[in-house]
Amino acid sequence: MVARLDYDRVAMLNRFRQFWTRLIKPIADLLLRLGVSPDAVTLVGTIGVSAGALIFFPRGQVWIGVVVITLFVFSDLIDGYMARTSGKSSKWGSYLDSTLDRLGDGAIFGGLVLYYANSDAGDSTPMAAVTLWALVMGATTSYARAKAESLGLQASGGLAERADRLVLVLVTGFFSDVLDLPILLQIVVWYLAIASTITVVQRSLSVRKQVLADPANAGLDTPNPASSNDSGTTAAGDSSTTAPGDSGTADSGPDGSPSA
């Protein structure tokens with residue numbers, strides 16, 4: 001049953017990727033003709049996401065922030081298409097994409113922390129603390145997978161992967177603000193904080209089980225097959241689909257990349 005659900009999810013994400021690839025293709029092709037690099041698109045997208053979250057969320061303009069963030073999130077699809085089309089996919093592009101994704105995620109939840117800390121906006125110290133909890137555990141979720149993979153182990157899956165966290169908080173944040181129902185966002189932030197914590201525990205137990213199952217290779221001086229093949233781990237990866245673009249990271253966006 002679980003395998004069937006995973007298969008259905010991957011199929012849905014593949015259809016989603018194909019639809020958006022057709023949509024962004026003209027924009028990506030134009031940027032390539034203008035000589036814009038995929039890395040530049042990645043950087044601009046992260047700046048846009050961070051600005052949307054850190055400028056609008058703290059002022060209580062959550063729905064505007066979500067719209068701005070959503071527009072720039074599509075850069076994650078565009079840079080990937082550009083990298084593949086131009087033949088410029090690289091380990092550096094993967095590293096940059098994954099690292100900047102972490103910054104964008106931190107800005108989104110950090111903006112919500114400031115929103116709740118602002119007495120003229122969210123005005124809730126407890127919710128500011130819960131949002132900070134969700135931010136820290138979301139980052140730890142990604143790190144847990146990256147560290148496991150750097151040791152030649154697996155630590156994917158769990159209740160709250162990256163794509164799930166972002167979609168939930170952005171969609172709920174938008175409607176919570178538009179409908180003036182702040183309780184919606186509060187419920188989701190609580191859920192993400194708890195689910196991310198459970199995910200970290202799940203991944204940690206999975207890694208421990210793998211280590212105990214193979215005591216001969218449990219030492220830190222044991223050669224890492226991944227390293228010897230020069231595959232390495234994709235920084236802060238943690239995803240259930242393949243990064244949109246040039247990432248090859250274990251943690252990326254909605255177009256089928258592995259996501260937190």
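Me: Why is Thr 172 called buried in this model?
Reply: The model is a predicted one. Thr 172 has a relative accessible area of 13%, and buried means under 20%, so Thr 172 counts as buried.

Me: Where does Thr 172 sit, and which residues does it touch?
Reply: Thr 172 belongs to helix α7, which covers residues 162-178. Not counting residues up to four places away in sequence, Thr 172 touches Val 167, Leu 184, Leu 185 and Val 188.

Me: What makes the pairing of the Thr 172 side chain with the backbone oxygen of Leu 168 a polar contact?
Reply: A polar atom of the Thr 172 side chain lies 2.7 Å from the backbone oxygen of Leu 168. The cut-off for such a pair is within 3.5 Å.

Me: Where does UniProt place the "transmembrane region" feature?
Reply: The unreviewed UniProt entry gives residues 30-56, 62-82 and 166-193. In the model, residues 62-82 are 95% helix and 0% strand, with the end C-alpha atoms 31 Å apart. Residues 166-193 are 89% helix and 0% strand, and there the end C-alpha atoms are 13 Å apart.

Me: What is the secondary structure of the protein chain?
Reply: The chain has nine helices and zero strands. Along the sequence this reads α-α-α-α-α-α-α-α-α.

Me: How many residues does the protein chain have, and what share of them count as buried?
Reply: The chain has 260 residues, of which 43% count as buried. It exposes about 13100 Å², and carbon and sulfur atoms supply 67% of that area. Among contacts between residues at least 6 apart in sequence, 70% join residues at least 24 apart.

Me: Which residues touch the most other members of the largest nonpolar core?
Reply: They are Phe 57, Ile 69, Ile 108 and Val 169, in a core of 25 residues. The elements giving two or more residues to this core are α2 (38-56), α3 (62-73), α5 (91-117), α6 (125-150), α7 and α8 (182-213). Helix α5 gives the most, with seven residues.

Me: What is Ile 69 in contact with, leaving aside its neighbours within four places in sequence?
Reply: Ile 69 is in contact with Val 49, Gly 52, Ala 53, Phe 57, Ile 108 and Leu 170. A second, separate core has six residues, including Ile 24, Ala 28, Val 41 and Met 82.

Me: Why is the pair of Trp 63 and Phe 174 called edge-to-face?
Reply: The whole structure holds five aromatic pairs. In the pair of Trp 63 and Phe 174, the ring centres are 6.4 Å apart and the planes stand at 80 degrees. A pair needs centres within 6.5 Å, and planes over 60 degrees apart count as edge-to-face, so this pair is edge-to-face.

Me: What makes this pair a tie between parts that are apart in sequence?
Reply: Trp 63 lies in helix α3 and Phe 174 in helix α7, so the pair ties together parts 111 residues apart in sequence. Trp 63 and Phe 174 also form one aromatic cluster with Phe 175.

Me: Are Trp 63 and Phe 174 buried, exposed or partly exposed?
Reply: Trp 63 has 39% relative accessibility and Phe 174 has a relative accessible area of 25%. Buried would require under 20% and exposed over 50%, so Trp 63 is partly exposed, and so is Phe 174.

Me: How do you know that Asp 76, Asp 79 and Asp 97 gather at one spot?
Reply: UniProt, in an unreviewed entry, lists these residues under "binding site". They span 22 residues in sequence, but no two of their C-alpha atoms are more than 8.9 Å apart, so they gather at one spot.

Me: Are Asp 76 and Asp 79 buried or exposed?
Reply: Asp 76, in helix α4 (residues 75-86), has a relative accessible area of 10% and is therefore buried. Asp 79 is found in helix α4 as well, and is buried with a relative accessible area of 2%.

Me: Which residue does UniProt list for "active site"?
Reply: The unreviewed entry lists Asp 101, which is found in helix α5. Asp 101 has 9% relative accessibility, so it counts as buried.

Me: Why is Ser 119 called exposed?
Reply: Ser 119 has a relative accessible area of 52%, and exposed means over 50%, so Ser 119 is exposed. Ser 119 is found in the loop between α5 and α6. Its C-alpha atom is separated by 9.9 Å from that of Arg 59, 60 residues apart along the chain.

Definitions and conventions: Residues numbered from 1 in each chain as written. Heavy atoms only, no water. Helix = DSSP H or I, 4+ residues; strand = E, 2+ residues; numbered from the N terminus. Buried < 20%, exposed > 50% of the residue type's maximum accessible area, 1.4 Å probe, protein only. Polar contact = N/O pair within 3.5 Å; in protein donor to acceptor, adjacent residues only side chain to side chain. Contact = heavy atoms within 4.5 Å. UniProt positions renumbered as here; feature names shortened; annotations may be inferred. Core = buried A, V, L, I, M, F, W, Y, C linked by side-chain atoms within 4.5 Å. Areas by Shrake-Rupley, 256 points an atom, 1.4 Å probe, with all protein chains shown as cover. Phe/Tyr/Trp six-rings, centres within 6.5 Å; stacked < 30°, edge-to-face > 60°.
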